[in-house]
Amino acid sequence: MGQLDKLWDYQQAELELAKLNKEMRSSPNYQKRGKLQKLLREQMDVITGFEKELETRSSQLASMQAQLEALLHDYDLEKSELDIMEADEEATPEELTESKKAIEKLLGKVSALSRELNATVEYCDKLSESINATFSKVVRAKRDYDAVRTVCDEEREGFAPRIKELEEKLEQIRKDIPNELFERYSTLKKNHIAPIALLSNGQCGGCHMALPAVVEKRVQSGTTIVRCENCGRILYYRQ
Ligand SMILES: [Zn+2]
């Protein structure tokens with residue numbers, strides 16, 4: 001048996017294995033598993049996004065609280081000064097007005113900051129709710145995913161003997177193929193699902209291009225590796 005006969009057999013077994021894998025992956029359960037896996041990944045990304053946002057907002061909240069404390073401290077100072085002035089007969093009306101104005105300004109700042117703070121707290125609460133809701137979705141999806149994964153595993157077990165048989169066959173045939181030829185095959189495999197093409201009726205079985213008689217003869221002689229001039233596949237002639 002020639003090298004190309006072996007390579008041809010190898011390709012046939014490889015194609016059969018690919019077909020089997022495709023069949024396994026096209027089962028409704030396998031498809032469902034894939035969809036659930038995608039959903040889980042997406043939802044986890046959503047949660048991560050929410051958590052990052054929550055972290056940012058929480059640190060904003062902390063700095064707002066610090067600002068508020070500082071403002072309240074200033075208010076206390078200003079207020080006690082005003083109290084002293086009001087008790088002091090020497091304090092002028094201008095001084096009192098000035099102090100009252102400063103207090104009002106501080107109170108204005110306090111109320112603006114409080115509004116901002118409340119809005120941020122509300123936003124953080126909503127974010128937490130969204131995180132919880134998304135998390136519930138994830139839990140449900142994970143449960144469905146686990147169930148369908150079990151079914152998929154069972155299905156895979158059904159395919160396993162045939163897959164194992166083909167894998168062993170491939171391993172066996174591979175031993176009879178010279179490394180150099182196998183490397184050429186593997187390189188071609190990157191661009192062609194079936195890198196070795198049957199030559200029949202003067203045509204390349206891969207691209208169906210008609211080949212010159214001289215090429216056909218060279219292929220038939222089997223003394224050298226001939227590639228299709230059009231698609232580059234290794235041409236094979238079955239005796
Ligand atoms: Zn071709």
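User: Which residues line the largest pocket?
Analyst: Just so you know, this is a predicted model. The lining of the largest pocket is made up of Gly2, Gln3, Leu4, Asp5, Val219, Gly222, Thr223, Thr224, Ile225, Tyr236, Tyr237 and Gln239.

User: OK, and what volume does the largest pocket have?
Analyst: About 200 Å³.

User: How do the residues of that lining divide up: nonpolar, polar, charged?
Analyst: You get five nonpolar, six polar and one charged.

User: Which helix gives the most to the lining?
Analyst: That's helix H1, residues 3-25, which supplies three residues.

User: Switching topic: where does Gln43 sit?
Analyst: Gln43 is in helix H2, which covers residues 28-87.

User: Is Gln43 buried or exposed?
Analyst: Gln43 counts as buried because its relative accessibility is 14%, and buried means under 20%.

User: What does Gln43 touch?
Analyst: Leaving out residues up to four places away in sequence, Gln43 touches Thr134, Lys137 and Val138.

User: What about domains?
Analyst: The domain assignment gives domain 1 (13-177) and domain 2 (181-236). Their centres, taken over C-alpha atoms, are 56 Å apart.

User: How many residues are in contact between domain 1 and domain 2?
Analyst: Four residues of domain 1 contact six residues of domain 2. Between them the two domains bury about 420 Å², with 72% of that on carbon and sulfur atoms.

User: Which residues in domain 1 lose the most area to domain 2?
Analyst: Those are Glu14, Leu15 and Ile177, and together they make up 78% of what the domain 1 side buries.

Technical notes
Residues numbered from 1 in each chain as written. Predicted model: local features only at pLDDT ≥ 70, side-chain atom pairs only at ≥ 80, totals over all residues. Heavy atoms only, no water. 1 Å grid on protein atoms, 1.4 Å probe; cavity = no way out; pocket = protein on both sides within 12 Å on 5 of 7 lines; lining within 4 Å. Points joined across faces, edges and corners; volume = space filled by probe spheres on them. Helix = DSSP H or I, 4+ residues; strand = E, 2+ residues; numbered from the N terminus. Nonpolar A, V, L, I, M, F, W, Y, C, P; charged D, E, K, R; others polar. Buried < 20%, exposed > 50% of the residue type's maximum accessible area, 1.4 Å probe, protein only. Contact = heavy atoms within 4.5 Å. Domains from an automatic or database assignment. Buried area = accessible area lost by both parts, 1.4 Å probe.
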